Amino acid sequence: MLFGIFSRCDSMGEVCDSMRALEGKLNYLNMDCSPAKSTAGDALRDRSEELFKLYYFALIAYFRPLLSVSRKKDVSFEEFYAFDSSTFTLFSEVMKGVGRNRKDDGKKKGGLKVHMLTDIHADTAVFATISEAKMHDKKFLAHLNPAKGSMLVFDKAYNFYQQFADWTREGVNFVCRLKDNAKAQLQEVLFEKNLTKEEFGVYKIGHIHLEYKREKKPETLCLRLVYYKDEKGRKYKFITNNWEITPEEVALIYKYHWTIELTFKKLKQNFQLHFFYSETENGIKTQIWCTLIAHLLLNVVRVLSESKKAFSTIAALIRIHLISHLNLTWVVTEGRRAYTKRTKSRNKSPANVQMSLF
């Protein structure tokens with residue numbers, strides 16, 4: 001699976017055929033020969049995706065000391081997490097997708113949704129789960145188990161006031177955007193400032209109450225509302241249960257939420273998630289977990305090499321030298337510098353040699 005994901009093969013047939021051409025090097029993978037397409041397909045269908053999920057979180061626990069060295073200095077929370085989800089469209093109706101049922105005879109596409117909690121300091125996931133695309137995002141907030149004193153940030157799709165009240169009682173901090181149709185009751189204006197057209201920053205702070213029901217009984221949630229205008233003139237309304245940090249830090253915390261969007265962007269652009277190697281739900285989930293493992297391993301290579309190259313560049317180098325007998329750290333850091341130009345060519349007529357291939 002990792003061979004297919006790193007090399008960006010489009011099907012399990014491509015994976016098996018490509019590995020068959022490399023049989024002289026498969027012994028490094030403790031394999032005698034390339035598996036048959038049917039054998040690999042049966043394994044994707046029958047071997048539980050829970051096994052690969054366990055591998056993923058075991059690797060996270062193993063590499064956490066290495067990945068947690070880079071801390072965001074401008075955020076005052078030691079435990080700082082972002083939560084979001086991303087949808088992947090499936091060609092067949094394996095898992096229920098989103099959208100209306102088609103009126104014609106065409107087949108409705110399926111879809112899955114990856115819900116992920118990332119450690120912003122370490123830029124790696126600490127919790128992930130996979131569901132059908134039609135599943136509402138806010139239902140997964142209850143699966144999180146944040147520690148007291150930690151900070152969570154997420155988008156307005158996760159407005160779940162009952163869960164917010166539980167976190168407030170448990171001492172868990174959060175920042176998110178307020179929905180446009182939220183029925184917030186303004187209790188007091190704590191700060192207000194008129195900004196010019198060129199100015200940006202916090203221009204209003206309020207104390208609000210939000211009504212929600214717990215077991216059909218109405219309850220009230222007390223939150224802090226921060227109004228913010230960015231450099232492009234866009235206005236935001238952030239809510240938080242933390243009353244001690246500055247309103248500027250509230251806006252900064254939400255800005256870091258986009259790091260998880262970048263993670264999903266890296267997954268979709270650098271790995272094979274447009275084509276799936278199986279049409280079974282178990283096989284599709286297995287490929288997602290293996291892709292997350294591949295992303296984690298590339299992050300480890302990036303940290304070990306201390307390289308400033310883009311993630312996509314490192315992914316391309318690994319893909320090109322996937323079966324080469326080269327040290328990956330050397331490939332990422334020293335490959336370009338170690339190249340020595342030859343002054344004399346042994347081929348006096350390279351054009352003829354190249355044409356002889358045809």
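**Note on salt bridges and surface charge**

1. The side chains of arginine 214 and glutamate 219 form a salt bridge, with 3.5 Å from N to O. This is a predicted model. Arginine 214 is buried, because its relative accessibility is 18% and the cut-off for buried is under 20%. Glutamate 219 is partly exposed at 27%.

2. Arginine 169 and aspartate 166 also pair through their side chains. Their salt bridge has an N to O distance of 2.4 Å. Both residues sit in helix H5 (residues 161-170). They are three residues apart, so about one helical turn separates them.

3. Arginine 169 is exposed, with a relative accessible area of 57%. Aspartate 166 counts as buried, at 17% relative accessibility.

4. These pairs belong together. Asp166, Arg169, Arg214 and Glu219 are linked in a network of salt bridges. Glutamate 219 is partly exposed, and arginine 169 is exposed.

5. Another pair lies in helix H2 (residues 12-20). Here the side chains of arginine 20 and aspartate 17 meet in a salt bridge, 2.7 Å from N to O. The spacing is three residues, which means about one helical turn. Arginine 20 is partly exposed, with a relative accessible area of 39%. Aspartate 17 is partly exposed too, at 47%.

6. Lysine 138 is located in the loop that runs between strand S3 (124-132) and strand S4 (151-154). Lysine 138 counts as partly exposed, because its relative accessibility is 31%.

7. Now the overall fold. The chain has 11 helices and nine strands. It contains 358 residues, and 44% of them are buried. Among contacts with a separation of 6 or more, 58% join residues 24 or more positions apart.

8. Last, the surface. The chain exposes about 21100 Å². Carbon and sulfur atoms supply 51% of that area.

Methods
Residues are numbered from 1 along each chain as its sequence is written. This is a predicted model: local features need pLDDT of at least 70, side-chain atom pairs count only at pLDDT 80 or more; totals for chains, interfaces and linings use all residues. Side-chain values use heavy atoms; hydrogens and water are left out. Helices (H or I, at least four residues) and strands (E, at least two) are DSSP runs, numbered from the N terminus. Buried means under 20% relative accessible area, exposed over 50%, partly exposed in between (1.4 Å probe, protein chains only). Contact means heavy atoms within 4.5 Å. Accessible areas come from the Shrake-Rupley method with a 1.4 Å probe; for residues, only the protein chains shown count as cover. A salt bridge is a side-chain nitrogen of Lys or Arg within 4 Å of a carboxyl oxygen of Asp or Glu.
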